[in-house]
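Dear colleague,

Please find below the sequence and structure that I am handing over to you. My notes on what was found follow directly after.

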Amino acid sequence: MRIIKSHNGNSYLLAGGSRLITFAPAGLASFLSKKTAVPADEKYYADKIEYISRLISQGSCNVKTVYRKLTKQDLYKALTDTRQLIFEVTESCNLKCHYCGYGDFYGNHRVRKNGSLGFEKFISVYEHMKNLWYKSGNRGCQSLRISFYGGEPLLNFDFIEKAVAYVRRNPIEGKEISFSMTTNGLLLDRHIGFLADNDFDVLVSLDGNERNNSYRVFPNGLESFNVLAAKLKDIQASYPSYFKRMINFNTVLHDRNSVEQASSFIYDTFGKIPMTNELNVFGIVREKREEFKRMFTSKSLGFNNIKDHVLRGKLIWGFPEVRDTERSIFHTGIFNYNTDYGGILADDYLCSPDAEKEIPTKTCIPFSRKVFVTANGKLYPCERIGEEIDFGYVDDKSVHINESVVDIYNSLFAKYVKHCRKCQKKETCSVCAVSDLKGYEICESKPDDTPSMEKTVTFIEENPSVFEKIEKNLLII
């Protein structure tokens, strides 16, 4: 249990074990901070805390967090529960973006040779997963998303067309299957009819206006903005309903744009609020680090620096604080202003030997969210991590999972254990232990850092309507 204070001066009790938070009266908060005597009307709670503190000092209970190791069972359970299959259908691309995740900045990927994924491997993965769901009796999530990635995926449109047709002919009982892709948009006009007919969720990469987008260039160095903007406007005019429902935008922040500039342009031009992402900070080669630092722009600062209040209101759901609030609610349970203080303290101090043990950090278990298949048939749990670890591969007949990845993960987790036990942010941790094996052995968060929960409760106090919507969306019945 610890006290946190919002920037508005209100105090809360946060229980790390029970993952609950509750409002703390001013007198009780001061008492717990050892600053004042407890007021008479709050003495009941003070006596309870004093009693539990004596139990701790006498060794009557164990408050140390105990972590467990990843197991092969975790691996296959995650695979069964996965929600998305992503296929890198080609390494080829019709752009050469300066900050590309497969470009000169990064050293954690293979040399790309413009290869393409054979369609037989799609069938192999799809049928493997289908059989896994049927044989295990565990159908996992009701929804399955099949996504196409690159390079530029529309350069291998034949693969996408065949994959959609195959899924239509071979549905998976109990699964609602949808399709999506991430694209630079330059070939959308050629294939928009097919995408609309199959209700594709399309994410177009666009960094804002012409200046903002100037890192996204053709291989000959010419900028792509004017070509893309003209095609998008034509598609919006020709397929207005589909464009409104299913075409969205992703903006990457850098030194030539800002959250405000990019979002204003995309909203004013296309009526869309874009997703906003930072440059990937993992795997940067040493000789490019200074150049990368000059280009990098913080997403959090970008949102906080928005001066247009109307735009701030439109972008509220993209603010990092909203994501932090969602994560906090999900991991700390419901924010409760009326709970008994015994409940808020119990899990911290009255420990059960049967309590479920956790894995260090909040690194996702491999394949629990996604299965990513590269153009050369390698398997990864995500398209954003490097290729240093061998997770397995797919051939034309079967999927092969490398079970020794469990030992690799456990050796990485071992570096974090001591740190995680002390860290005040462990319940809302976003560390990915496999993002950068050479330079990210221990996360940057320190045990005595100002807890992110203080920012969260401040955000909630100042945006109660946003909190109410998040709470309703995350409610699990």
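Phe-367 is located in the loop that runs between helix H14 (341-349) and strand E10 (370-373). Its phi is positive, about 75°, although Phe-367 is not a glycine. In general, most residues other than glycine have a negative phi. Phe-367 counts as buried because its relative accessible area is 1%, and the cut-off for that class is under 20%. Please bear in mind throughout that this is a predicted model.

A second residue with such a backbone angle is Asp-199, whose phi is near 55°, a positive value in a residue other than glycine. Asp-199 belongs to the loop between H6 and E7. Is Asp-199 buried or partly exposed? With a relative accessibility of 36%, Asp-199 is classed as partly exposed.

One peptide bond also deserves a remark. Gly-150 and Gly-151 are joined by a cis peptide bond, with omega at about 25°. As a general rule, most peptide bonds are trans. Gly-151 sits in the loop between strand E5 (143-149) and helix H5 (157-169).

For the chain as a whole, the model shows 18 helices and 13 strands. Of the 477 residues in the protein chain, 48% are buried. Among contacts between residues at least 6 apart in sequence, 71% join residues at least 24 apart.

The C-alpha atoms of Val-371 and Ile-86 are separated by 6.1 Å, while the two residues are 285 residues apart along the chain. Which residues does Val-371 touch, not counting those up to four places away in sequence? They are Leu-79, Thr-82, Gln-84, Leu-85, Ile-86, Leu-379 and Tyr-380.

Val-371 also takes part in the lining of the largest cavity. H4 contributes the most, with three residues. By class, seven residues of the lining are nonpolar, one is polar and none is charged.

The expected span is 1.5 Å times one less than the number of residues.

Which residues of H7 are buried? They are Phe-225, Leu-228, Ala-229, Leu-232 and Ile-235. Viewed down the axis of H7, these buried residues fall within an arc of 130°, so they line one face of the helix. An α-helix has 3.6 residues a turn, so residues three or four places apart point the same way. On the face of H7 turned away from the buried side are the exposed residues Asp-234, Ala-237 and Ser-238. The partners against which the buried residues of H7 pack are helix H6 (188-197), strand E7 (201-205), helix H8 (240-246), strand E8 (247-252) and helix H9 (259-270).

Helix H5 has 13 residues and should span 18 Å at 1.5 Å a residue; its end C-alpha atoms are 19 Å apart, which agrees. Buried in H5 are Phe-157, Phe-159, Ile-160, Ala-163, Val-164, Tyr-166 and Val-167. These residues pack against strand E4 (84-88), H4, E5, strand E6 (176-183) and H6.

His-191 lies in helix H6 and is buried, with a relative accessible area of 15%. Leaving aside neighbours within four places in sequence, His-191 is in contact with Leu-154 and Phe-157. Phe-157 is one of the buried residues of H5.

With kind regards

Definitions and conventions
Residues are numbered from 1 along each chain as its sequence is written. This is a predicted model: local features need pLDDT of at least 70, side-chain atom pairs count only at pLDDT 80 or more; totals for chains, interfaces and linings use all residues. Side-chain values use heavy atoms; hydrogens and water are left out. Buried means under 20% relative accessible area, exposed over 50%, partly exposed in between (1.4 Å probe, protein chains only). Helices (H or I, at least four residues) and strands (E, at least two) are DSSP runs, numbered from the N terminus. The arc is that of the directions from the helix axis to the C-beta atoms. Contact means heavy atoms within 4.5 Å. On a 1 Å grid over the protein atoms alone, a cavity is a set of points where a 1.4 Å probe fits but cannot get out, and a pocket is an open set with protein on both sides within 12 Å along at least five of seven lines; lining residues have an atom within 4 Å of a point. Ala, Val, Leu, Ile, Met, Phe, Trp, Tyr, Cys and Pro count as nonpolar, Asp, Glu, Lys and Arg as charged, and the others, Gly among them, as polar.
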